[in-house]
Every structure is written in structure tokens, then in C-alpha cells.
Amino acid sequence: MSDLPSDLLRVDGLGRRYGDLAALDGVDLRVAPGDRLGLIGPNGAGKSTLLNLIAGSLRPTAGRIRFDGRDVTRLGPARRARLGVGRTHQHPAVWSSLPALDNVLVAGRRPWGRLRAGGRERARELLAEVGLAGVERTAAGALSHGQRRQLELAMALAGEPRLLLLDEPAAGLAPPEVELLASLLAALPRTVAILLVEHHLDLVYGFADRITVLHSGRHVHTGTVPETRSSPEVAAAYAGVAP
Ligand SMILES: Nc1ncnc2c1ncn2[C@@H]1O[C@H](COP(=O)(O)OP(=O)(O)OP(=O)(O)O)[C@@H](O)[C@H]1O
């Protein structure tokens, strides 16, 4: 794949094995600043594995990851977060006993625990941006599942990421909540590139500029939404599987 100087994220030949199983097998990926990339594929395709490898919570058994021109393959998740890689999880990771506002404040701390200048005001703004104005003082554990997803998005944004990895943000949401999520994602600034892993294909098709499809750990397609919808390789990857 060509080496574009504008790449924010560059993944080359990335692989992860579990014994005989190749959860991910020689995958290349490019993400430019401000890009909206959807990552889809049937169950077990390797989507979460790829996301966890990029976030640094999982180590590859092959390949290389560069972020903003720097080789981060051997850096842990905290170092990558400080460089600008943010993420959300399949199961929202929030501090249940802390109020929503404090969750955002803590998530946005500078290294060594210092709060950002204007942090409290910014945290309130972020909560409002994700549709959580009015629940600043509510303990995260008392929020609904959908609200905890919104909170985790605000927490990820508090770290001012340049790349945001979203791991199935629509999982467990009711249809009106998915609509809200779609509008929240559409409103995110282009200062952050987004990699969206999701089974909810309408959400991905409405959001992404480009879509990458994995199947059995391998890259099978990258293209625009119309190209993806009409791709025979994508249809084959999903054959016999309800997408
Ligand atoms: N810790 C592990 N040990 C063994 N196998 C694993 C482990 N984690 C993932 N796998 C396997 O790796 C493959 C890819 O899993 P992964 O979770 O990345 O797929 P996915 O595309 O995210 O699937 P889903 O859409 O169901 O979340 C699967 O076959 C899975 O069973």
C-alpha cells in the first residue's frame, strides 16, 4: 500500500494469533486526519482484535502500527492515549460510583493526574454535546445503558483524541437511541478521525466515508459506501450470515 505523508494511522501486515487461530492475518489499513472509516464484517471477523491492537490493549504477533509518523507497535495503551488515540468499549467503561461530570473530568486528566485548565467547564460542555446536560451530578451507575454509552463518548473526547476508536457503540441500544447516536457521531468535529466498528450497518453506511470489511481475520474490501453495498466480496463475506 502507498505511503501517504498525510496518514494519521498506518497499519502494515498486522496479525494476531491465538495458537493455531489467526484472529487477524496480515491486515493493512490507512486512516487520514479527520477520516470516517467504518469497520464491518461478520461475527469473529477480527474487528475487535484490530481495534484492540490499534488501541494498544492487545499486542500483535506480526506487523507494525504507526500513528502520526511514529512507530507505536510496542507502546502500551496509556502512551498511545497520550499521543491521541482514544477509544470506547463494547461494554461502556465508566466509574459507576462517580457522578457523570467527574467521570469526564477524570478521563480528561493530563499525565500525572493534573486536571486541564478550564476542565470543569469543558467537561460540562462535553456532557451537553453528547446529550447528557442535566445529569452531571448523577452517579454513572444510575444512568441507563444508552446514557452510559453517551458518557463514555464524552470521556473519550475529553482526552482530545486525534483518532477515536468506537467499538460497537450501538450495541444494546433501542432504535431511538441509535438515531441519537447517529446524530451525535455526525456532529463530531473533523479534528478527530473516527474508526467505527459496528454491526448496525445502516448506522455505518450513514456515517462513514469509507468502509473496510474483514472476514476470518483478513481484509476483503475497502471502498466508499456505494462500492461496499455493491461489492460481491462483501456479499460473499456475509453469505449465510444475517449482517
Ligand atoms: N482471547 C482470545 N483467545 C482465543 N481466541 C480469541 C480470543 N479473542 C478473540 N478470539 C478469536 O479471534 C477471532 C476474532 O475475534 P474478534 O472478537 O476480533 O471478532 P469480531 O469481528 O470483533 O467479532 P464480533 O463481531 O462477534 O465481536 C474469533 O474467532 C474469536 O473467537
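This is a predicted model: local features need pLDDT of at least 70, side-chain atom pairs count only at pLDDT 80 or more; totals for chains, interfaces and linings use all residues.
Select strand β1, residues 9-18, together with strand β4, residues 62-67, and you will find two antiparallel strands joined by five bridges. Within this pair, pick out Asp12, which stands opposite Arg64 in β4. Strands of a sheet pair through backbone hydrogen bonds, in either a parallel or an antiparallel way.

Now widen the selection to the open sheet, where four strands follow the order β2-β1-β4-β5 with antiparallel pairing. At its edges lie β2 and β5 (70-71), each of which pairs on one side only.

Next, select the ligand and the residues that surround it, among them Tyr18, Leu21, Asn43, Lys47 and Thr49. Both β2 (21-31) and α1 (47-55) supply at least two residues of this shell, and α1 gives the most, with three residues.

Then move to the loop between β4 and β5, where Asp68 lies. The phi of Asp68 is near 55 degrees, a positive value in a residue other than glycine. Asp68 counts as partly exposed because it has 15 C-beta neighbours inside 10 Å.

Finish at the loop between β9 (210-215) and β10 (218-223), which holds Ser216. Here too the residue is not glycine and phi is positive, with a value near 50 degrees for Ser216. Because Ser216 has 16 C-beta neighbours inside 10 Å, Ser216 counts as partly exposed.

Note on methods
Residues are numbered from 1 along each chain as its sequence is written. A residue is near a molecule or strand if its C-beta atom, placed from the backbone, lies within 6 Å of it. Two strands pair if DSSP finds at least two bridges between them. A residue is buried if 20 or more other C-beta atoms lie within 10 Å of its own, exposed if 12 or fewer, and partly exposed in between; C-beta atoms are placed from the backbone.
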